Amino acid sequence: MNTPELHTPATQRLNELLHCPITQRHLTAYGWVEGMPVVFAHRDELVEDVMGFVSVHGRAVLLALTNAQTDALQLWHVTIPSPLFTRVVPLPSGTTLAELCIRHSENRLMPFRVHFWAHSAALHQIPLYVSNDNHAADAQLSSDNR
């Protein structure tokens, strides 16, 4: 099936990431499993709308959050709603994904809920880049070897 609307820079980048063994090991450390459903969304979309798509899968998903202006890509692991999480008050209607992610960027697995879920779910960001403490030393070695 030829679907040009699916060949955006974000989908191409995610496809490359998901097919790289090193990236797969990295994603696995943050809860990703092979075959996990992926839900693409823009930062300005409403949480209720996107969580409706998440609910359809009945399992944890990889949320690929895109920014149309910058082609930036963020990956988030979203759990299924579960009685194991503290039941919290539903998010206010009109809450965007950007607002939700800002609230949860510092708190790993902090629960949230939308009005049509009986239980809370949790999400956490999967960093695309992990800082390397040896970066300065690596740069120095590279310049020394010139």
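This is a predicted model: local features need pLDDT of at least 70, side-chain atom pairs count only at pLDDT 80 or more; totals for chains, interfaces and linings use all residues.
Residues count from 1 along each chain as its sequence is written. Local features need pLDDT of at least 70 and side-chain atom pairs need 80 or more, while totals for chains, interfaces and linings use all residues, and side-chain values rest on heavy atoms, with hydrogens and water left out.

**Exercise 1. Find where the model's confidence is lowest and highest among the elements.**

Start with the whole chain: its mean pLDDT (the predictor's confidence in each residue, from 0 to 100) is 82, and 82% of its residues reach 70 or more. Next, go element by element (helices are DSSP runs of H or I, at least four residues; strands are runs of E, at least two; both numbered from the N terminus).

**Exercise 2. Work out which residues of helix H1 are buried and what covers them.**

First, list the buried ones (under 20% relative accessible area; exposed is over 50%, partly exposed in between; 1.4 Å probe, protein chains only): in H1 (residues 9-18) they are Ala-10, Thr-11, Leu-14, Leu-17 and Leu-18. Now look down the axis of H1: these residues fall within an arc of 125° (taken from the directions from the helix axis to the C-beta atoms), so they line one face of the helix. Their cover includes helix H2 (21-28) and strands E1 (38-42), E2 (61-67) and E3 (72-78).

**Exercise 3. Describe the surroundings of Thr-79.**

Thr-79 is buried, at 13% relative accessible area. Leaving out residues up to four places away in sequence, Thr-79 touches Ala-60, Phe-85, Leu-109, Ala-121 and Ala-122. Then pick out the Thr-79 side chain, which reaches the backbone nitrogen of Ala-122 at 2.8 Å.

**Exercise 4. Sort out the aromatic pairs.**

Apply the rule: rings of Phe, Tyr and Trp (its six-membered ring) pair if their centres lie within 6.5 Å, with planes under 30 degrees apart stacked, over 60 edge-to-face and the rest tilted. That gives 2 aromatic pairs. Phe-112 and Trp-117 are tilted, at 5.6 Å centre to centre and 55° between the planes. Phe-116 and Trp-117 are edge-to-face, at 6.3 Å and 80°. Put together, Phe-112, Phe-116 and Trp-117 form one aromatic cluster. Last, check burial: Phe-112 is buried at 2% and Trp-117 is buried at 6%, whereas Phe-116 is partly exposed at 39%.

Definitions and conventions
Contact means heavy atoms within 4.5 Å. A polar contact is a pair of N or O atoms within 3.5 Å; within protein, one must be able to donate a hydrogen and the other to accept it, and residues adjacent in sequence count only if both atoms are side-chain atoms.
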